[in-house]
Amino acid sequence: MQYKIEGEPLPVVICELAPQETMICEKGAMSWMTGNMQMETKTGGGGLGKLFGRALSGESIFLNRYTANGGAGLIAFASSFPGSIRAYNIAPGSEIVAQKGAFLAATDGVGLSVFFQKRFGAGFFGGEGFIMQKISGNGMCFLEFDGYVKEYTLRAGESMILDTGYLAAMDATCSVDVQGVGGIKNALFGGEGFFNTVVTGPGRIWVQSMPVAQMAGKLIPFMPTSSGN
């Protein structure tokens, strides 16, 4: 499979498939394709527990499989929000943990599963929720993030403090916790809330510049309201 990512900040990944090569994606992710691409809808596999976990992680329990039938094929997947699409080579020992809803598409052989935050505080206050999604297996995976994405590599024991919602993805070797904002005055009047997300290495992390929840909060004051008579 060959691919190109074009068009940021409204990106699309265009994939060229060899004959009989297959890609998987969430329902509705396909944007355009050649006429010889054959679609088949299946569950994500892995039994009832994994299906339930996928639903909790914000993904559909069904995946669409697109196969180049009778020759080479082309298929494109567009981002659902202004931002970035990133490609990851997934292999045993190189798993990625991403925010809910980040998965866009992957080659056959990549699997999705639920990733539970081990610490209650990280899940409840960290802004990423109790559940994220883990991408494992073998192959190429494409994830979509909100806004610009910055990558950092953390050494063992090194940490990065993030505001709520800015953690896009991390290597599975990283861990997540929360840290309270010091001082009552800072928490109440500083505008940063009561808690921050703390990600600790070793591993890479990806930080997004415009979480969709943050953008929605900024737009709410400008939304028209209906008045009753």
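Me: Are tyrosine 88 and tryptophan 206 buried or exposed?

Reply: Both tyrosine 88 and tryptophan 206 are buried, a word that stands for a relative accessible area under 20%, whereas exposed is over 50% and partly exposed lies in between, with a 1.4 Å probe and protein chains only. This is a predicted model, in which local features need pLDDT of at least 70 and side-chain atom pairs count only at pLDDT 80 or more, while totals for chains, interfaces and linings use all residues. Residues are numbered from 1 along each chain as its sequence is written, and side-chain values use heavy atoms, with hydrogens and water left out.

Me: How many aromatic pairs does the rule give, and what makes tyrosine 3 and phenylalanine 142 one?

Reply: The count is 2 aromatic pairs. The rings of tyrosine 3 and phenylalanine 142 are 5.0 Å apart, centre to centre, with 75° between the planes; rings of Phe, Tyr and Trp (its six-membered ring) pair when their centres lie within 6.5 Å, and planes under 30 degrees apart are stacked, over 60 edge-to-face and the rest tilted, so this pair is edge-to-face. Tyrosine 3 belongs to strand β1 (residues 2-6) and phenylalanine 142 to strand β13 (residues 139-146), 139 residues apart, where a strand is a DSSP run of E of at least two residues, numbered from the N terminus. Tyrosine 3 has a relative accessible area of 34% and is therefore partly exposed, whereas phenylalanine 142, at 0%, counts as buried.

Me: Why is the pair of tyrosine 88 and tryptophan 206 edge-to-face?

Reply: Their ring centres are 4.9 Å apart and their planes stand at 90°, so the pair is edge-to-face. Because tyrosine 88 lies in strand β8 (residues 83-90) and tryptophan 206 in strand β19 (residues 203-208), the pair ties together parts that are 118 residues apart in sequence.

Me: Why does lysine 42 count as partly exposed, and which residues does lysine 42 touch?

Reply: Its relative accessibility is 40%, so lysine 42 counts as partly exposed. Lysine 42 sits in strand β5 (residues 37-43) and, not counting residues up to four places away in sequence, touches Ile61, Phe62, Leu63 and Arg65, a contact being heavy atoms within 4.5 Å.

Me: How many disulfides does the rule give?

Reply: The count is 0 disulfides, a disulfide being a pair of cysteine sulfur atoms within 2.5 Å. Cysteine 15, at 0% relative accessibility, counts as buried, and cysteine 141 is buried with a relative accessible area of 1%.

Technical notes:
Helix = DSSP H or I, 4+ residues; strand = E, 2+ residues; numbered from the N terminus.
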